[in-house]
Amino acid sequence: MKARLAASVAPLLLFTGCAGHQQSAIDPAGPQAEHIGMLWWVFFSVLGIIFIAVMAFTLLSLMRGDREIEQEPHEAKEKKLTRIVAGVTIGTVVTLFLLLVSSIVTGKAVSELSQKNGMVIEVTGNQWWWYVRYQNDDPTKIVVTANEIHIPVGRPVMIRGTSNDVIHSFWVPNLHGKRDLIPSRVTTEWIQADKPGIYRGQCAEFCGLQHALMALWVIAEPQNKFNAWMKEQLEPAADPTDPDKERGQQVFLNNACVFCHAIRGTTAAAEIGPDLTHFGSRRSIAAGTLPNTKGNLGGWISDPQGVKPGNHMATIAVNPNELEPLLNYIESLK
Amino acid sequence: MACLRSIERGCCVRTVWCIFGLVLLTSCQREHRDIRPSPTQLALFGDAARESPLRPGGPVLPQAVVTNPYTGSAYDIAEGQRLYEWYNCSGCHFKGGGGIGPPLIKTDWIYGGEPENLFDTIVKGRPNGMPSWGGRIPAYQIWQIIAFIRSMNGMQPTSATASRGDTIETNPQNLVNRTSGATK
């Protein structure tokens with residue numbers, strides 16, 4: 001009995017872990033996520049009550065057995081059963097209809113975000129990382145980054161999504177629902193964060209070997225902090241400050257790195273892999289796979305297929321005495 | 001007695017199905033993907049990669065046989081197809097038909113069309129525009145690109161080649177197979 005009680009309490013305890021989480025649809029940080037979270041609770045409570053009621057009646061009928069029913073006269077029994085079945089049928093239809101209405105109302109509310117003062121961010125899905133580009137009418141103010149989206153708090157942001165290879169899905173549960181990124185098509189989604197914070201997103205459409213390791217971070221911060229970040233991102237990469245980092249830059253520019261990556265301010269300008277101009281300022285390596293530390297970066301560069309098998313980063317032979325300066329250089333790109 | 005026999009028969013049928021199911025499992029083996037290749041240093045094929053069959057002097061020694069490790073591997077041909085675009089081979093050779101650079105769908109190669117010749121060409125570069133990729137991209141990727149180039153010439157098993165390109169254009173391998181099928 002004790003074991004059974006514990007077993008039934010344990011799943012309930014799991015729910016307490018949902019609060020304050022970086023990736024949770026029921027811990028909303030924006031207006032749309034609030035609507036979706038609300039709908040989730042409506043469904044959860046209505047369906048929960050129905051589930052408990054059904055279980056209770058099943059238990060009741062099991063315990064009661066046939067005896068009592070058989071004592072009743074046939075006609076009265078028939079009438080009673082008809083009434084019960086009709087009542088429950090109507091109740092089911094009404095419940096389903098109300099759930100449908102609440103779902104439609106939520107859908108409408110989610111699409112009705114005020115778009116005043118909005119900004120546009122292009123997000124392109126790749127196997128297995130996110131290309132991020134801040135649109136601006138002034139081409140000198142376009143910021144390109146990867147796997148990390150900074151947004152100002154309280155300001156609506158349009159995500160214009162597309163894909164370079166297969167179908168991906170952009171999903172930051174704390175801010176909004178899922179939106180598929182489809183090759184050669186553009187899909188849009190408005191998001192808004194009302195609380196500053198760091199929210200984790202995840203590709204929500206199976207996209208190949210490393211679908212599970214395709215995450216992104218959305219960092220919501222006050223407008224002035226966001227502006228400062230934007231200003232930093234617009235700068236070209238920091239020049240190497242000492243001979244060691246200078247050597248690292250040469251290693252980067254003379255290896256296969258330059259065929260896929262860009263570092264603005266140098267001759268590296270390829271757009272196949274993530275832009276590394278301000279790599280050192282990002283939280284993670286390889287789309288949320290590892291925290292951005294020098295050690296992790298070393299492991300990633302020397303054996304990318306060991307960290308994230310099947311990804312498109314080439315395994316190159318870097319000389320051990322060249323790796324150290326290379327790491328120092330890349331990590332210095334704040 | 002009859003009842004017992006029918007039970008036995010049911011048992012027998014079930015056993016046959018079980019064996020059938022187990023046999024099916026043996027076919028589950030999928031193509032091996034070498035997704036963690038070692039970034040070996042580049043080696044040129046000096047003797048193997050001769051471009052001329054004419055040789056001065058004494059008897060001709062048998063040539064060393066060089067095989068592309070990725071021949072017939074669908075995964076690596078597809079990777080080669082992707083890299084062909086990524087490393088901008090298509091910038092000069094287009095989709096194999098040539099443009100700025102010579103075509104890659106042909107039989108008369110200037111510097112030889114065998115895998116080892118292609119490897120040398122990519123690593124060393126060639127006069128009049130072909131850049132030298134040696135030391136820039138790892139050897140396994142060069143082999144993948146060669147596997148793809150060979151597939152454009154119908155030199156790879158059809159079962160291993162992509163049925164279509166990564167973009168909207170038709171895969172040349174498809175064209176080759178279709179036309180050769182039509183003429184036969």
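These notes cover backbone geometry and domain layout in a predicted model.

1. Conventions. Local features need pLDDT of at least 70, side-chain atom pairs count only at pLDDT 80 or more, and totals for chains, interfaces and linings use all residues. Residues are numbered from 1 along each chain as its sequence is written, while chains are lettered from A and ligands numbered from 1 in the order in which they are written.

2. Background. Most peptide bonds are trans, and most residues other than glycine have a negative phi.

3. Cis peptide in chain A. Gln127(A) and Trp128(A) are joined by a cis peptide bond. Its omega is about -5°. Trp128(A) sits in the loop between strand E1 (119–126) and strand E2 (129–134) of chain A. Strands (E, at least two residues) and helices (H or I, at least four) are DSSP runs, numbered from the N terminus.

4. Positive phi in chain A. Ser184(A) is not a glycine, yet its phi is positive, about 60°. The residue belongs to the loop between strand E7 (179–181) and strand E8 (187–191) of chain A. Ser184(A) is exposed, because 9 other C-beta atoms lie within 10 Å. The cut-offs are 12 or fewer such atoms for exposed, 20 or more for buried, and partly exposed in between, with C-beta atoms placed from the backbone.

5. Positive phi in chain B. Phe94(B), also not a glycine, has a phi of about 55°. Its loop runs between helix H3 (90–93) and helix H4 (115–124) of chain B. Phe94(B) counts as partly exposed, because it has 15 C-beta neighbours inside 10 Å.

6. Domains. Chain A splits into domain 1 (20–110) and domain 2 (243–331). These bounds come from an automatic or database domain assignment. The C-alpha centres of domain 1 and domain 2 of chain A are 54 Å apart.
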